[in-house]
Amino acid sequence: MKKLIYFFLVSNFFSAQAEQPGHLINERLSTCGPIPAGCYPGHVNSCSGFCTGITHVGLGQISKNISDTSGYQDYTCSDSTWLTPGSNYQFSVITGQTYEEGVRAWIDLNNDGNFDTTEIIYSDSAIVYSHSGMITIPSSIVSYTPLRMRVGSDYATYPAANGCTNVQYGHYLDFTIYLDTGFGIHETENNFAVSLAPNPFSSTSILMVDRLKQLNGNAFQLMIFNSQAELVRMQTFTDIQEAIISREGLPNGLYLFELISAKSNIIGAGRFVLE
């Protein structure tokens with residue numbers, strides 16, 4: 001019954017929007033990244049000629065080389081990844097090759113703009129150059145919402161970064177994390193393997209579907225939802241081999257999609273990140 005209601009709503013939405021040009025862009029997507037943080041700390045002393053700071057952060061789809069090591073850098077609108085609660089991930093940070101430094105990372109799991117000790121996902125001290133380890137994403141947390149990950153460093157002779165207090169010679173970086181507990185909008189029937197490449201992407205991506213011969217010659221609707229499960233775009237493809245998804249004004253962030261056949265069957269579903 002739930003699916004019948006969904007298909008009825010989708011069908012009526014298509015009819016209601018058929019004569020309206022352009023795409024439906026939800027106003028809530030007018031900005032990118034997480035909610036504002038409660039603090040934006042920097043550093044007390046200049047790193048020029050003395051320290052290198054963080055030069056690389058890696059986690060999931062985030063692989064960021066950093067050249068600007070001034071007190072605070074915000075990459076929440078350009079660098080993001082999705083992670084699955086309960087899963088393990090390799091976390092890595094590169095700092096200077098001369099002095100021992102300590103690195104700490106937080107994810108604002110309750111999305112309140114603060115960085116509590118219970119939200120620390122990685123911490124070390126007195127390490128030169130390569131900081132890495134496996135982290136576990138906690139369960140029972142906010143899903144499909146942009147969350148702030150903060151990474152901080154400082155020399156090992158000083159107190160460890162706490163997320164809000166200025167460090168002496170290190171610095172802080174912020175990124176966006178999406179926590180994914182499963183697609184979660186609708187179950188699919190006769191599911192085809194559907195994927196996008198590249199993903200994440202900044203301009204365009206190609207939609208790829210297995211069992212392609214079974215789909216050729218039919219029209220398909222692509223439904224794109226934002227991280228709050230609100231419909232933000234519909235596209236019709238008459239040739240699945242030419243299915244290219246374009247940014248076309250969508251802000252950075254996590255999106256979910258469903259590919260629906262002419263018979264209103266959900267062919268497949270997935271997700272992508274715009275950077």
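Analyst: Welcome! Let's start with a definition: two strands count as paired if DSSP finds at least two bridges between them. Please keep in mind that the model above is predicted.

User: How many bridges join E11 and E12, and in which sense do they pair?

Analyst: The general idea is that strands of a sheet pair through backbone hydrogen bonds, and the pairing can be parallel or antiparallel. Here, E11 and E12 are antiparallel partners joined over four bridges. To see them face each other, find Leu196, which stands opposite Leu207 in E12.

User: In what order do the strands of this three-stranded open sheet come?

Analyst: The order is E11-E12-E15, and the pairing is antiparallel. At the edges are strand E11 (194–197) and strand E15 (244–246), each of which pairs on one side only. From one strand to the next, the twist averages 30 degrees.

User: Which residues make the nonpolar surface patch?

Analyst: Ile206, Met208 and Ile244 make this patch, which covers about 260 Å². Let's take Met208 as our example: this residue lies in strand E12, residues 204–209. To join a patch, a residue needs over 30% relative accessible area. Met208 has a relative accessible area of 37%, so this residue is partly exposed.

User: What is the order of the strands in the open sheet of four?

Analyst: Reading across that sheet, you meet E14-E13-E16-E17, again with antiparallel pairing. Strand E14 (231–237) and strand E17 (266–274) are the edge strands, with pairing on one side only for each. On average, neighbouring strands of this sheet are turned by 20 degrees against each other, direction ignored.

User: How many bridges do strands E13 and E16 share, and which residue stands opposite Phe225?

Analyst: Strand E13 (residues 220–225) and strand E16 (residues 253–261) pair over six bridges, in the antiparallel sense. The residue opposite Phe225 is Leu256 in E16.

User: Let's move on to disulfides. Which residues does the disulfide join?

Analyst: In general, a disulfide is a covalent bond between the sulfur atoms of two cysteines. To find one in a model, look for a pair of cysteine sulfur atoms within 2.5 Å. By that rule the count for this structure is one disulfide. The bond joins Cys39 to Cys164, with 1.9 Å from S to S. The link of Cys39 and Cys164 is left-handed, with -75 degrees about the S-S bond.

User: Where in the chain do the two cysteines sit?

Analyst: They link distant parts of the chain, 125 residues apart. Cys39 is in the loop between helix H1 (2–17) and strand E1 (56–59), while Cys164 is in the loop between strand E9 (147–155) and strand E10 (172–179).

User: Is Cys39 buried or exposed? And what about Cys164?

Analyst: The cut-off to remember is that buried means under 20% relative accessible area. Cys39 has 13%, so this cysteine is buried. Cys164 has 35% relative accessibility and therefore counts as partly exposed.

User: How many salt bridges does a search of the whole structure find?

Analyst: To spot a salt bridge, look for a side-chain nitrogen of Lys or Arg within 4 Å of a carboxyl oxygen of Asp or Glu. A search of the whole structure finds four of them. One of these is between Asp74 and Arg148, whose closest N and O atoms are 3.9 Å apart. Because Asp74 lies in strand E3 (residues 72–74) and Arg148 in strand E9, this pair ties together parts that are 74 residues apart in sequence.

User: Which salt bridges does Asp174 take part in?

Analyst: Asp174 forms a salt bridge with Arg148, with the closest N and O atoms 2.9 Å apart. Arg148 is in strand E9 and Asp174 in strand E10, so parts 26 residues apart in sequence are tied together. Asp174 also forms a salt bridge with Arg150, where the closest N and O atoms are 2.7 Å apart. This pair, too, links distant parts of the chain: Arg150 in strand E9 and Asp174 in strand E10 are 24 residues apart.

User: Which residues are linked in the network of salt bridges, and which of them are buried or partly exposed?

Analyst: The network links Asp74, Arg148, Arg150 and Asp174. Asp74 is partly exposed, with a relative accessible area of 39%. Arg148 is buried at 5% relative accessibility. Arg150 counts as buried at 0%, and Asp174 is buried with a relative accessible area of 0%.

Definitions and conventions
Residues are numbered from 1 along each chain as its sequence is written. This is a predicted model: local features need pLDDT of at least 70, side-chain atom pairs count only at pLDDT 80 or more; totals for chains, interfaces and linings use all residues. Side-chain values use heavy atoms; hydrogens and water are left out. Patches are made of residues with over 30% relative accessible area and no salt bridge: like charges are joined within 9 Å, nonpolar side chains (Val, Leu, Ile, Met, Phe, Trp, Tyr) within 5 Å. Accessible areas come from the Shrake-Rupley method with a 1.4 Å probe; for residues, only the protein chains shown count as cover. Buried means under 20% relative accessible area, exposed over 50%, partly exposed in between (1.4 Å probe, protein chains only). Axes are lines fitted to C-alpha atoms, for helices over the stretch in contact, and angles run from 0 to 180 degrees between N-to-C directions.
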